[in-house]
Amino acid sequence: MNAQRVIEIIQGYDGDPTASLAILQDVQRELKYLPREALELIAQQLDMPVGYVYRLATFFKVFSLQPKGEHICKICLGTACHVKGGPLILETMERELGVKAGNTTADGKFSVEGVRCLGACALAPIIVIDDEPLGQMTPDAVVTRVRQLRAGEVVKIPAQMPVKVAVREAVDLSAVPPKG
Ligand code: FES
């Protein structure tokens, strides 16, 4: 773990304990998951009980204490995407990568996640790979994209031009567990 980088992220929020969720999100984005050492460092730097930081990290589904793949593939299974073929998109992704949702490929390259509405229903069915939203996906486009990523190609899918939308994981602050 790059402890210096974690400290820089915390300093970017002026060490403000009320920014703990944002810090956890940024650290996870950097490290792809939240290792125990990172949680302990965050607790120490924010002067918070380590148990509280652990509770935050385990309470919100968006956080992972397990290493994730190099590429994180999120498939929306919200109502609009479900109606427009989200389950088939997920099934195609699982078949192409040989893992079920919630898992990471043996080579550590890809993690697959089924997620709720991403707030871009007009683009259904939508997937997000490495924070890049790809709208109006088809099974063929999924296979093409995965193979391009596997081959290390950074090529857009012409017929499925990704639409850049700011998709932020919704975090319900009212659901933060009590301190202690
Ligand atoms: S249901 Fe998929 S973006 Fe809304």
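The exercises below concern nonpolar cores and helix packing in a predicted model.

**Exercise 1.** Identify the members of the largest nonpolar core that touch the most other members, and the elements that supply the core.

*Solution.* Start with the size: the core holds 21 residues. Those touching the most other members are Ile 75, Cys 76, Ile 89, Met 93, Ile 126 and Ile 127. Next, assign elements. At least two residues each come from β1 (71–76), α6 (86–97), β2 (110–115), β3 (127–129) and α7 (139–150). With four residues, α6 gives the largest share.

**Exercise 2.** List the residues that Met 93 touches, leaving out those up to four places away in sequence.

*Solution.* Two residues are in contact if their C-beta atoms, placed from the backbone, lie within 7 Å. Under this cut-off, Met 93 touches Cys 73, Ile 75, Val 112, Val 142 and Val 146.

**Exercise 3.** Describe the packing of α6 and α7 by angle, axis distance, handedness and contact residues.

*Solution.* The axes are 9 Å apart, at an angle of about 35°. The crossing is right-handed. On the α6 side the contact has Leu 88, Ile 89, Thr 92, Met 93, Glu 96 and Leu 97; on the α7 side, Pro 139, Val 142, Val 143 and Val 146. By class, eight of these residues are nonpolar, one is polar and one is charged.

Terms used. Residues numbered from 1 in each chain as written. Predicted model: local features only at pLDDT ≥ 70, side-chain atom pairs only at ≥ 80, totals over all residues. Core = buried A, V, L, I, M, F, W, Y, C linked by C-beta atoms within 7 Å. Buried ≥ 20, exposed ≤ 12 C-beta atoms within 10 Å, placed from the backbone. Axes fitted to C-alpha atoms, helices over the stretch in contact; angles between N-to-C directions. Left-handed = near helix turned anticlockwise from the far one by under 90°. Nonpolar A, V, L, I, M, F, W, Y, C, P; charged D, E, K, R; others polar.
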